[in-house]
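Here is my note on this model, point by point. Please read it with the structure open.

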Amino acid sequence: SAPTEPSEPAATRTAERTPAELSTTEAWLDPFDWYVEMREHSPVRYDESRDCFDVFRYDDVDRILHDPETFSSDPRNAPGLDLPPEEERSPLLETMLSTDAARHDRLRGVVEEWFRPRALAGRRERLESVAAGLLDDAVAGGEMDVIDEFAYPFPVIVIAELLGVPSDERPTFRRWSETLVEAPDGRTPEAMDDHRREQQRVSEELSAYFEEKLDARAVDRRGDLITVIADAEAAGELSRTEALGFCMLLLVAGNITTTNLIGNAVRCLTAHPEALARAERGDARLEPLIEEVLRYRSPVQALARFATEEVEIAGETVAEGDVVVPWIGSANRDPAAFDAPDEFRIDRAPNQHLGFGRGTHYCLGAPLARLETEIALTGLFDRATGIERATDELVPVRSAFIYGVTELPVEFERR
Ligand code: HEM
């Protein structure tokens, strides 16, 4: 992309992040037809308005995620992005998600143990009791909004407890997470600029919030993740900015994503009554069912990578510094990788979906997200049967990258 003139007004500098094809309610709810067209006709395409390459086929996406040396996660490798200085300084760029190689491994190593399935097993009972409390309230009236009453608060309470922050601040956490993932309200440069400023403000609020929490932990030590992070900082393993970024990432990475996994699971099941009946009877294994939701309605649809050298993808030449967007939501529907990819099969095997990514950045929270979703669905089926959507209308998360609905009213009979 052309170098930016310093005199250019900020608004015209702001690069679009959302493809034009995915900026309407219909497309947010159903991007899958668009993916078919792209996989067939433009599997790797350069999008001028966003100055990036979109990649749609499974094999290409898989290869990109397996080659972090060529396809870096650090946006500072893409000079064309022209990050404003305040964004470049954001602690969110100093996390495992946006760093590579040794630095990434060092950061991830600080909390890796905590998120192993074995370590989480000890928390199962507490998670079950949080889910039970929410579900008992939610089912009381014979109808509920799956998102608002359950799928949203559940993962937030869980991560707030793991981190060691008060979960009653969750309306603020929700606003923070939503602002960070949502698309701008409109496609004018002004709308995009406003949105970016709003995101920057949230990043600063988050940073100030955790600054205080980290300072408090230096004197008031507890068995939570903030203490682990504060200890790593005290031991010189993390800088203050890295420690802040760490807390911010853990708070926002696992909320809307897990909310959407639970919500998308209920959405898939209500659309497939036979599968739902089996699940409600306890006649379907939940592990493969959850994996199939991760494939069929992936909570994360797209990632971003930054080319460190010139490289070819399926015949297209990508230059050093270019932005590459691997569409895992499309890869997960690629008929070259999956039998009947548009069918929702609750016992699909094998299921090598990319819903949690691949390679070095494979989702740290995957074991937690799976555990939460299994507990969520078990708790729901223990209390409700004959679950049906209460309205036909769906309201999507306003994002091309995060996939889910913001409301999901259902009716059911209480058990
Ligand atoms: C990374 C998806 C839940 C923390 C990722 C990546 C994906 C993903 C696709 C790869 C990003 C990339 O390669 O650039 C999901 C989905 C979730 C979920 C679909 C829920 C259904 C969680 C939870 C947590 C979490 C509950 C933590 C509490 C992280 C972190 C990374 C990550 C820290 C970065 C790992 C690294 O860079 O090494 N997630 N995630 N995620 N996820 Fe998740």
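1. A salt bridge here is a side-chain nitrogen of Lys or Arg within 4 Å of a carboxyl oxygen of Asp or Glu. The model is predicted: local features need pLDDT of at least 70, side-chain atom pairs count only at pLDDT 80 or more, and totals for chains, interfaces and linings use all residues. Residues are numbered from 1 along each chain as its sequence is written, and side-chain values use heavy atoms, with hydrogens and water left out.

2. Start with Arg196 and Glu87. They form a salt bridge, with the closest N and O atoms 3.0 Å apart. This pair links distant parts of the chain: Arg196 is in helix α12 and Glu87 in helix α5, 109 residues apart. Helices (H or I, at least four residues) and strands (E, at least two) are DSSP runs, numbered from the N terminus. Buried means under 20% relative accessible area, exposed over 50%, and partly exposed in between (1.4 Å probe, protein chains only). Arg196 counts as buried because its relative accessibility is 11%. Glu87, at 17%, also counts as buried.

3. How many salt bridges does a search of the whole structure find? The search finds 41. One of them joins the side chains of Glu242 and Arg103, at 2.8 Å from N to O. Glu242 lies in helix α14 (residues 240-253) and Arg103 in helix α6 (residues 101-111), so the pair ties together parts 139 residues apart in sequence. Glu242 is buried, with a relative accessible area of 6%. Arg103 is partly exposed, at 28%. Both residues belong to a network of salt bridges that links Asp74, Arg76, Glu94, Arg103, Arg106 and Glu242.

4. Look next at Arg348 and Glu292. Their side chains meet in a salt bridge (3.0 Å, N to O). Arg348 is in the loop between α18 and α19, Glu292 in helix α17 (residues 286-296), and the two are 56 residues apart. Arg348 counts as buried at 9% relative accessibility. Glu292 is buried too, with a relative accessible area of 0%.

5. The loop between α18 (328-331) and α19 also holds Cys363.

6. A cis peptide bond joins Ala349 and Pro350, with omega about -5°. Most residues other than glycine have a negative phi, and most peptide bonds are trans. Two aspartates deserve a look on the phi side. Asp51 has a positive phi, near 50°, and sits in the loop between β1 (44-47) and β2 (52-55). Asp82 has a positive phi of about 50° and lies in the loop between β3 (71-72) and α5 (85-88). Asp82 is partly exposed, with a relative accessible area of 25%.

7. Helix α8 (residues 124-139) has 16 residues. It reaches 22 Å from its first C-alpha to its last, close to the 22 Å expected at 1.5 Å a residue. The expected span is 1.5 Å times one less than the number of residues. The buried residues of α8 are Leu127, Val130, Ala131, Leu134, Leu135, Ala138 and Val139. Why are they on the same side of α8? They cover an arc of only 145° around the axis, the arc being that of the directions from the helix axis to the C-beta atoms. An α-helix has 3.6 residues a turn, so residues three or four places apart point the same way. The face turned away from the buried side of α8 carries the exposed residues Glu125 and Asp137. The packing partners of the buried residues of α8 include β4 (143-145), α10 (153-163) and β10 (409-414).

8. Lys213 is in helix α12 (residues 189-219). It is buried yet has no salt bridge; the nearest side chain of opposite charge, Glu169, is 4.5 Å away. Lys and Arg count as positive and Asp and Glu as negative; His and the chain ends are not counted. Leaving aside neighbours within four places in sequence, Lys213 is in contact (heavy atoms within 4.5 Å) with Val165, Pro166, Glu169 and Ile226.
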